[in-house]
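Below is a brisk tour of one protein model and its ligand. Keep the structure open as you read.

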Amino acid sequence: MKGQEWYQEHDVAERYEDKRFSGGGRLIDRREKEAVLDALGPVEGDRILEIACGTGRFTVLLAERGADVVGLDISGPMLGQGREKARAAGVDDTLEFLRGDAGRLPFPDDHFDAVLAMRFFHLADAPEAFLSEMKRVTTDAVVFDTFNRFSTRSIYNWALPMGSRLYSRSEVEDLLASADLQLRGAEHDWVLPYGFYRQLPGAVAKPFRVFDGAIGALPGGDHLASVSYWTAEIE
Ligand SMILES: C[S@@+](CC[C@H](N)C(=O)[O-])C[C@H]1O[C@@H](n2cnc3c(N)ncnc32)[C@H](O)[C@@H]1O
């Protein structure tokens, strides 16, 4: 598993969001949240599990929308950031953060309506095992994202401190099939990779994002996307 130790460091957890989601990175945070909400639809009253929830960006968002949500992560410091965020948002009484391994989920079969994993599969050496655990504990939707193999992400992927696993579309389709999951929907986005936007101030990033959207909307443009957001369901 890539990065398991990395995220145990307090200063890594403290700087996690600032490094990725300030300046031009705000566009990324917003798009990821939109992808999750699109995938899940209305969540009020739904039981949702977020694995590898990190600092709780989605856990808190879903609690604010009335979901009965559990965020699970292997890193105490990342969960600490999540608890602070939940307190600040006034939802700390309505969600639960749990320390644990996504490879051995401490829940019975079919316990949740939906389970999600954002920015996690690129760290996984054996994604099949995680996907099968996600499927086991849910009755309906499995939501996750991947960074794409044939994309601008591959230009700098090798230079990242822990590297990251890139996926082709057919690999994801094979993974879903081997977990007996059926593809419900997918969105492919970001011709220019996340790492590019993170370097830019917000005002400079916005016109690039418009250009990015225009290229992605061209016929075949989605094949240039560096990120895919996947929703699967039980077969
Ligand atoms: C890139 S962060 C993503 C956090 C969050 N999902 C987000 O999108 O902001 C990856 C997270 O995976 C967690 N993680 C790594 N291995 C894990 C495992 N085996 N079980 C649970 N969480 C794990 C790390 O602690 C870290 O918080």
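## Ground rules

Helices (H or I, at least four residues) and strands (E, at least two) are DSSP runs, numbered from the N terminus. The model is predicted: local features need pLDDT of at least 70, side-chain atom pairs count only at pLDDT 80 or more, and totals for chains, interfaces and linings use all residues. Residues are numbered from 1 along each chain as its sequence is written, and side-chain values use heavy atoms, with hydrogens and water left out.

## Phe-130 in helix H5

Phe-130 sits in helix H5, residues 127-136. Is Phe-130 buried or exposed? Phe-130 counts as buried because its relative accessibility is 10%. Buried means under 20% relative accessible area, exposed means over 50%, and partly exposed lies in between (1.4 Å probe, protein chains only).

Contact here means heavy atoms within 4.5 Å. Leaving aside neighbours within four places in sequence, Phe-130 is in contact with Met-1, Asp-101, Ala-102, Gly-103, Phe-120, Phe-121 and Ala-124. Take Asp-101: 29 residues separate it from Phe-130 in sequence, and the C-alpha atoms are 9.6 Å apart.

## The ligand site

Which residues come nearest to the ligand? Of the 21 residues around the ligand, they are Tyr-16, Ala-52, Asp-73, Ala-102 and Met-118. A residue counts as near if one of its heavy atoms lies within 4 Å of the molecule.

Next, the polar atoms. A polar contact is a pair of N or O atoms within 3.5 Å; within protein, one must be able to donate a hydrogen and the other to accept it, and residues adjacent in sequence count only if both atoms are side-chain atoms. A ligand oxygen atom is 2.8 Å from an N or O atom in the side chain of Tyr-16. A ligand nitrogen atom is 3.0 Å from an N or O atom in the side chain of Asp-101. Met-118 uses its backbone: one of its polar backbone atoms is 2.8 Å from a ligand nitrogen atom.

## The largest pocket

The largest pocket holds about 680 Å³ of space. Of its 41 lining residues, Tyr-7, Tyr-16, Arg-119, His-122 and Leu-123 are the closest to its centre. A pocket is found on a 1 Å grid over the protein atoms alone: it is an open set of points where a 1.4 Å probe fits, with protein on both sides within 12 Å along at least five of seven lines, and lining residues have an atom within 4 Å of a point. Grid points are joined across faces, edges and corners, and a volume is the space filled by probe spheres set on the points.

By class, the lining has 21 nonpolar, 10 polar and 10 charged residues. Ala, Val, Leu, Ile, Met, Phe, Trp, Tyr, Cys and Pro count as nonpolar, Asp, Glu, Lys and Arg as charged, and the others, Gly among them, as polar. Several elements each supply at least two lining residues, including helix H1 (10-21), helix H3 (57-64) and strand S2 (68-73).

## Helix H3

H3 is mostly covered, with seven of its eight residues buried. The buried ones are Arg-57, Phe-58, Thr-59, Val-60, Leu-61, Leu-62 and Ala-63. Gly-66 follows H3 and has a positive phi, near 90 degrees.

## Two positive phi values

Most residues other than glycine have a negative phi. Arg-119 has a positive phi, near 55 degrees. Arg-119 lies in the loop between strand S4 (112-117) and H5. Arg-119 is buried, at 12% relative accessible area.

Asp-180 also has a positive phi, about 55 degrees, although it is not a glycine. Its loop runs between helix H7 (169-178) and strand S6 (181-189). With a relative accessible area of 41%, Asp-180 is partly exposed.

Ser-164 lies in the loop between H6 and H7. Ser-164 is buried, at 9% relative accessibility. Its side chain makes a 3.1 Å polar contact with that of Arg-153. Not counting residues up to four places away in sequence, Ser-164 touches Lys-2, His-122, Phe-147, Arg-153 and Asn-157.

Thr-231 belongs to strand S7, residues 227-234. Thr-231 is buried too, with a relative accessible area of 8%. Beyond neighbours within four places in sequence, its contacts include Ala-39, Val-142, Leu-183 and Gly-185.
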